[in-house]
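Dear colleague,

I am handing over the structure we spoke about, and below it I have set out what was found in it. Please read the notes with the coordinates open beside them.

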Amino acid sequence: YQPARLEKDAERPAVVLVHGQAHPARLREAKAWPALQGLARVLAARGMVAVVPNLGSSASGPEPSEQFSNVEVVADNLVAAVRHVQTHALALRVDRRRIALWAASEGGLYALGPALGGEVSGAVQCAVALYPRLSEARLQATRPALPDTVLERLRPSAHLRRHRQGSFPLLIVRAGRDDGEANQAIDTFVDLAREVEAPVTLVRHDEGHHGFEAVDATEQTQAVLDRAIAFLERYL
């Protein structure tokens, strides 16, 4: 999604939109989800190039223990999407040094994990995470068990502690009506960020549900999204 008006030879920042998880049949059409398309158009109207990849399903079957069996593939696809933007920056008219992530839900694990771990070093300048999943507990429940290397790769808190002030600016939106486990993990992550003086900003949407940008059409939701976009503009 390109800005409508783009000066000749101008290079724009890019934002890679990272979807959460759903039924695998729905994920085949993630690029066509109205919420992602609408957000991409808004970002393009604000002068950014929005990139909406299909990252695939993390599940290998219907059982809860299978929901993250393929999560490493999804993480690989996210890294590949960012590198694709860098490789094709000239054709896309993107500044390859100014790329952001906009992640939702499980994207907190398979996007923020690799990014904070330095896998897209030099590309990602900032990130926004809406109601992100930040606890590896769900990954640890996978059967057969995921390798320790995968768990470490997708553990945002470990990377945050390791890189401390060297991490990129990150804005997290906490949806007050999301489940308690998810919000407790966000609170723990934000406390750690304060401890290590990492550049993490917390925005509270106290009346927001999981997926609030699609299900809560309120003034508060709009204000939260406006603040998130302003955050991108500030750091890009």
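How many of the residues of β4 are buried? Six of its seven residues are, so that β4 counts as mostly covered, where buried means under 20% relative accessible area, exposed over 50% and partly exposed in between, with a 1.4 Å probe and protein chains only.

Before the rest, some conventions. This is a predicted model, in which local features need pLDDT of at least 70 and side-chain atom pairs count only at pLDDT 80 or more, while totals for chains, interfaces and linings use all residues. Residues are numbered from 1 along each chain as its sequence is written, and side-chain values use heavy atoms, with hydrogens and water left out. Helices (H or I, at least four residues) and strands (E, at least two) are DSSP runs, numbered from the N terminus.

The sheet

Six strands make up an open sheet with parallel pairing, in the order β2-β1-β3-β4-β5-β6, two strands being paired if DSSP finds at least two bridges between them. Because β2 and β6 (200-205) stand at the edges with a single partner strand each, one side of each is left without a neighbour in the sheet. On average, neighbouring strands of this sheet are turned by 20° against each other, direction ignored. Helix α10 (residues 180-196) packs on the sheet, where it touches β5 and β6, and its direction makes about 150° with that of β5; axes are lines fitted to C-alpha atoms, for helices over the stretch in contact, and angles run from 0 to 180 degrees between N-to-C directions.

Within the sheet, β4 runs parallel to β3, to which six bridges join it, and L130 in β4 is the bridge partner of A104. With strand β5 (residues 170-175), β4 pairs in the parallel sense over four bridges; here V128 stands opposite L171, and A129 stands opposite I172.

R133 lies in the loop between β4 (124-130) and α7 (137-140), and it counts as buried because its relative accessibility is 10%. Its side chain makes a polar contact with the side chain of D179 at 3.1 Å, a polar contact being a pair of N or O atoms within 3.5 Å, of which, within protein, one must be able to donate a hydrogen and the other to accept it, and for which residues adjacent in sequence count only if both atoms are side-chain atoms. Not counting residues up to four places away in sequence, R133 touches several residues, including S105, E106, D178 and H210, contact meaning heavy atoms within 4.5 Å.

The buried residues of α2 are L36, L39, A40, L43 and A44. They lie on the same side of α2, because they cover an arc of only 135° around the axis, the arc being that of the directions from the helix axis to the C-beta atoms. The face turned away from this buried side carries the exposed residues P34 and A45. Among the elements that cover the buried residues of α2 are β1 (12-18), β3 (94-104) and α12 (219-235). After α2 comes G47, whose phi is positive, near 95°.

I229 has its place in helix α12 and is buried, with a relative accessible area of 4%. Leaving aside neighbours within four places in sequence, I229 is in contact with V42, L43, R46, M48 and W102.

Best regards
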